[in-house]
Amino acid sequence: LHWLPGPVTLLRLTIVYGIGALALWVASVLRPPLPLRPTPRALWMEAGILLVMLALLWLPTLGAREFFHDESTVLIRARDALRGVADAPTRHTKGPGEIIVAMVFYRALGTIDEFYARLPFALAGIGAVLLMLPLGRRLFSLQVGLWAAILMGINGYVLALARMTQYQGPLLLLIGGAALAFWWIAETREARALPWLLLGIALTAAGLIMHYEFLLMAPMLLTMLLLGRAWTWLHGRQARMAVLFTLVNGLLVGWVYVRMLTNEYFTESTRFYYAARFQPAPGHNIGHFINLSTLYNTTYFAAGMLLLAALGLAMAWRRWRIQAFLLLLWILPSLLLYLFVIANPGTHYYAMMGGWSLLAALPLARLFDGASADHYLLRLGGAAAFVIWIVISVAYLNRAIMQTNPLYLLEFATEQRAQYVVPYDTRFATKPRVGLPIKEGWKTLGVLREWGVMEGAYSSNER
């Protein structure tokens, strides 16, 4: 839409969405209806409870913090694209997907502020958490899906990043959707899985346009596709449709990145970005990962998630070996890349959190299994410890992420170290971090940097 001549008007946006809605309606009319299969009532009840919980936890104070530099950049690009500036989406250091999402709300409202700029990204993050319900149900059981969604929803790492005007929330949603679609194919292995194949292809293309980091999911998704053995049940018209749809989506992704790669800003900034980030051998970021994990969450939550994931992996390897292998393929590419290859990974561990949550949910599903009566006292003690663990973790999220009191922000490091056991020092706690409300003044810095008034790296308001 942007690459048509002229600015992106509200009328043009409305027409495009109207055509899309009409195309979906025509496709639904022409397609033979599938037999109705009732969704378990428990799934709807749990999804409703989760939605309320996530709305109460994720949406308050969404607009109370000023824009960070990365958010300002996205909105500046979106504004320029709406005005018809030709290279606005490609004058970027990441995929243009986050700019496209911001453009829609920006154009529909005619203006933008902190709340409405972050709202679509936060809603996408909530959608990613809710997707854990059906994905966990298909991979293991409904209870595993429920606990995976709860763990991911109260993970401060996911919460902080998905509440920003950045790609993390939508990318997590696209990763979960693609995993669900391709796993459906792996389970079904017959022609009725064709719509899921097309959906998975479309979500993969959208994920690549959102950010090329989606490539880290390729091992998991390709393995699911191989398990589905599509070449054995795709024939005739269905095979031609799948090939054509793949080509169209591939050409779309290729066209977007050709335009990105032919933009000097993208190529130069990307080369500079990664030239400074590759890890000199032998090196690792294990300490950095531990520090970040205990800054965005409590040390207790981080340690608990590690223990639960280890127990979950052992349980899955004994009973669901294929699923365990797939979740390892979800987690390990991101973990290994940012622990041992990239020298300064920042907060890029987020992409593996869905797989991590699914593994960690397995012991909890076993602990709260009402059908099992063995080791009653042990299970009761475990449930009580879990409730305390959750309460402490959620209380910390309110302190670390939701607070906007300026005095609290100034005293954050002292308060943090006094009330929680942490492995890092005061300097690490007060360094600006994306998603945390301790970066006051970054909107001004971002605008001055965009205008070329300020140059260099700035890690605090003093420098």
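**Close-ups of a predicted model**

**View 1. What lines the second largest pocket.** The lining residues here split into 32 nonpolar, four polar and one charged (nonpolar is Ala, Val, Leu, Ile, Met, Phe, Trp, Tyr, Cys and Pro; charged is Asp, Glu, Lys and Arg; the others, Gly among them, are polar). This is a predicted model, where local features need pLDDT of at least 70, side-chain atom pairs count only at pLDDT 80 or more, and totals for chains, interfaces and linings use all residues. Residues are numbered from 1 along each chain as its sequence is written, and side-chain values use heavy atoms, with hydrogens and water left out. A pocket is an open set of points on a 1 Å grid over the protein atoms alone, where a 1.4 Å probe fits, with protein on both sides within 12 Å along at least five of seven lines; lining residues have an atom within 4 Å of a point. Of the 37 lining residues, V16, Y17, I100, I209 and L252 lie nearest the centre. Helix α9 supplies the largest share, eight residues (helices are DSSP runs of H or I, at least four residues, numbered from the N terminus).

**View 2. P219 in helix α10.** P219 sits in α10, residues 218-228. Beyond neighbours within four places in sequence, P219 touches L329 and P333 (contact: heavy atoms within 4.5 Å). Its C-alpha is 9.9 Å from that of L328, 109 residues apart along the chain.

**View 3. T262 in a loop.** T262 belongs to the loop between α11 and α12 (264-275). The T262 side chain reaches the backbone oxygen of R259 at 3.1 Å.

Terms used
Helices (H or I, at least four residues) and strands (E, at least two) are DSSP runs, numbered from the N terminus. A polar contact is a pair of N or O atoms within 3.5 Å; within protein, one must be able to donate a hydrogen and the other to accept it, and residues adjacent in sequence count only if both atoms are side-chain atoms.
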